[in-house]
Amino acid sequence: MPQKPRSTSATAPRLGKPLKRSFFDRSVHEVAPDLIGATFLVGGAGGIITEVEAYHHTDPAAHSYRGPTPRNQVMFGPPGFSYVYRSYGIHWCVNFVCEQAGSASAVLIRALEPTHGVAAMRRRRGLEDTRALCSGPGKLCEALGITIAHSELPLDRAPIALHARTEAPDIITGVRIGITKAVDLPWRYGLKGSKFLSKRF
């Protein structure tokens, strides 16, 4: 039987303070684990971030590794903006740009625990299973209605809202998924014990 969706009013007390763009103006390796437990909403739909991956500009798996292109230009700008790209020509994926302008580092959002706008996310995904709604970067973008139109948007302004976590989570680390370069770097972070991950650690 599918889990009963939590209402926005029920989850509102769990929201921490809004995150500003300045939150992202530091090492991607500090920002990535600090996003675990934060709440990510687009147009009021979304949930608790349970899994992310860090990509540094010196990392051959990063889109910015070979320099700026029309697609990745936002990564070379100031921190605190979204970078949305199409994966394998099929799925949209959303990233948060980190570090000072020119660094071109970002955090890929891989999974969420749905808490807000669950009915809308179910309609977009065409399924009822709450655990499967946002259990992957492409799935969560479909659930939140994220497309290329959401790229290069400020992360502290509507339709995007980010709220700090309200308690310190137990974080686990592992290697990143679906890449062929720098595969051994432990730059994937997740919420330990969560049932809302894209893949086990």
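Mentor: Let's take the cores, then a strand residue, then a helix pair.
Mentor: This is a predicted model, so local features need pLDDT of at least 70 and side-chain atom pairs count only at pLDDT 80 or more, while totals for chains, interfaces and linings use all residues. Residues are numbered from 1 along each chain as its sequence is written, and side-chain values use heavy atoms, with hydrogens and water left out.

Trainee: Which residues touch the most other members in the largest nonpolar core?
Mentor: L35, F40, I49, F96 and I109, out of 39 residues. A core here is a set of buried Ala, Val, Leu, Ile, Met, Phe, Trp, Tyr and Cys residues joined through side-chain atoms within 4.5 Å. Buried means under 20% relative accessible area, exposed over 50%, partly exposed in between (1.4 Å probe, protein chains only).

Trainee: And what does the second core include?
Mentor: That separate set has 14 residues, among them A62, C93, A104 and L108.

Trainee: New topic: T39, buried or exposed?
Mentor: Buried, because its relative accessibility is 5%. T39 sits in strand 1, residues 39-42 (strands are DSSP E runs of at least two residues, helices H or I runs of at least four, numbered from the N terminus).

Trainee: What does T39 touch?
Mentor: Leaving out residues up to four places away in sequence, T39 touches L15, G47, I48, A161, L162 and H163. Contact means heavy atoms within 4.5 Å.

Trainee: Which residues make the contact between helix 3 and helix 5?
Mentor: M121, R124 and R125 of helix 3, with K139, E142, A143 and L144 of helix 5. They divide into three nonpolar, no polar and four charged.

How values were computed
Ala, Val, Leu, Ile, Met, Phe, Trp, Tyr, Cys and Pro count as nonpolar, Asp, Glu, Lys and Arg as charged, and the others, Gly among them, as polar.
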